[in-house]
Amino acid sequence: MEYGSIEREIRIGATPEVVYEVVSRPEHLREWWPDEAELTPVPGATGVISFGDPSAPDATVVSLTVVEADPPRRFSFRWVYDEGEVATPANSLLVTFDLVPSGSGTLLRFTETGFREKGWEAAVLENAYREHVNGWDHFLPRLVAYTDRLVSTP
C-alpha cells in the first residue's frame, strides 16, 4: 500500500463561499469535525482542535497551523506535529480543501499528505494512515450533512 496521501472528492449542494466557511471557521468546524476548535483562518495562524472534553485527561488536543486561506477556493492547514514545534513539511501532515464551483454547488477536493515525510516506522505509518482514512471517511460525510442543513435552514 502507498500510505502517501488520502484523497476524496465530494459534491456539496452549496456555493464555494458557504463551503469555505464550513471548512475554515471554528463555529462551523465544531458542527462536523472536532468537539472544540480555536483558530483564526489566516495564513500563519496557529490554533487547536479538541476531540472530547478538552479538560478531561482522555481528550485529544491537536495543534494546527493555517497554511493557506484563499476564500472561496482553498483552505489548508498543517497538523499532527509535536507540541512546541513549528509545523514544517517534515514534521506534520497537510490537509487541503480545494473548492471548485460545480453547477449550483461545489466540488470539494480533499487531500491529506505528509505521512511518509514524518519518518514513522512502517507499523506506525500504516496505523496512522488507517486511522486518518477511517476518520475522514467518518467526518467528511458529516461535513456534507451539516452544509446541507445549513443551506436548507430558512
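Trainee: Which residues does V66 touch, not counting residues up to four places away in sequence?

Mentor: Contact means heavy atoms within 4.5 Å. By that rule V66 touches L39, T40, P41, V42, P43, G44, A45, F75, S76 and F77. This is a predicted model: local features need pLDDT of at least 70, side-chain atom pairs count only at pLDDT 80 or more, and totals for chains, interfaces and linings use all residues. Residues are numbered from 1 along each chain as its sequence is written, and side-chain values use heavy atoms, with hydrogens and water left out.

Trainee: Does V66 count as buried or exposed?

Mentor: Buried means under 20% relative accessible area, exposed over 50%, and partly exposed in between (1.4 Å probe, protein chains only). V66 counts as buried because its relative accessibility is 2%. Of the 154 residues of the chain, 44% count as buried.

Trainee: In which strand does V66 lie?

Mentor: Helices (H or I, at least four residues) and strands (E, at least two) are DSSP runs, numbered from the N terminus. V66 lies in strand β4, residues 60-70. The chain has 3 helices and 7 strands.

Trainee: How many residues has the largest nonpolar core?

Mentor: A nonpolar core is a set of buried Ala, Val, Leu, Ile, Met, Phe, Trp, Tyr and Cys residues joined through side-chain atoms within 4.5 Å. The largest one here has 38 residues, and W136 is among those with the most contacts inside it. Its largest share, 9 residues, comes from α3.
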